Amino acid sequence: MPDFPTSRPVLAGKSARHGKGITLEALPEGHVLQVMGATTSADLRALLDSAGLTGSALRPAGYRQWYAVGDTPLDAQALQAIVTALPPGTYLSDQSHGRVRIRLSGTRATELLSKGTAVDLHDSAFSVGHTATTLFGHISVHLSRTGETEFELTVLRSFAEALYSELEELAA
Amino acid sequence: MASLITCPHCGQRPKEEFTIKGDASLTRPAPDAGPDVWYDYVYLRSNPKGLHKEYWHHSSGCRRWLIVERDTVTHKVHSVTDAALTKLGGAA
Ligand SMILES: [Zn+2]
């Protein structure tokens, strides 16, 4: 009998849900890097690109805060390369194990999200590429608009199941 | 109570996203200022009707400390600024 719990994606037991105008799916637990400090989106983008993370999305998360996210896990060496390349006064916290991404898409996506967050999601106020750190009900989430009718929610791992269940409920 | 606060970093958000710390107009006394002055600073608040200047933390948003000036009679929010940037003159 193994002494240690085996590592598994926290939403592994949840199947993707396809409802009327709504698709809900857990994204692969790849990498979520939280960056804080005196730098800019453009500089961080260039840094990620030169580290080979051209496929990773860079998302603002508040004053001098960002998340760099992607579907592939990073090994310690790749992570260290990014940390080393950061300018002075900029810090990275690997949240790959600590935060989980959920994708919500479909024509009813904004309608569903409006039930949980007060952020104005109208196209004119929250266009593609916009992000917000906010509350969904009582759960803190980082919300990104990744397409016309496509959103991503990044949530603390221990809240992921609760949030996913709530989204399933609201999608019904 | 003012129910919508416009965070300088995040835009208009509901008050549920924030945590209120208290009076932002107090000045911390010198360490040797004496017990009466310290007692006043730590415990005594006047709670005026009208204009208040407070520290608000955008705890469920950008996690920055803000200074909110609001009126408890009219519920009008007069200003919201980033506490650290205001103190440092925007040089943080
Ligand atoms: Zn904020």
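Cys7(B) is buried, at a relative accessible area of 2%; buried here means under 20%, exposed over 50% and partly exposed in between, with a 1.4 Å probe and protein chains only. His58(B) is buried as well, at 0%. The model is predicted: local features need pLDDT of at least 70, side-chain atom pairs count only at pLDDT 80 or more, and totals for chains, interfaces and linings use all residues. Residues are numbered from 1 along each chain as its sequence is written, chains are lettered from A and ligands numbered from 1 in the order written, and side-chain values use heavy atoms, without hydrogens and water.

The ideal angle for four tetrahedral donors is 109.5 degrees. Distant parts of the chain are linked: Cys7(B) lies in strand β1 (residues 4-7) of chain B, and His58(B), 51 residues apart from it, in the loop between β4 (51-57) and β5 (65-71) of chain B. Strands are DSSP runs (E, at least two residues), as are helices (H or I, at least four), numbered from the N terminus.

Chain A holds an open sheet of 6 strands, ordered β1-β2-β7-β10-β9-β8, with antiparallel pairing. Two strands pair if DSSP finds at least two bridges between them. β1 (17-19) and β8 (131-136) of chain A are the edges; each has a single partner strand, so one side of each lacks a neighbour in the sheet. β8(A) pairs with β9(A) (residues 139-147) over 6 bridges, in the antiparallel sense. Thr131(A) stands opposite Ser144(A) in β9(A).

Chain A and chain B bury about 890 Å² between them, 54% of it on carbon and sulfur atoms. Buried area is the accessible area (1.4 Å probe) that two parts lose on being put together, summed over both. Tyr63(A), Thr133(A) and Leu135(A) supply 54% of the area that chain A buries against chain B, more than any other three residues. The contact (heavy atoms within 4.5 Å) takes 11 residues from chain A and 11 residues from chain B.
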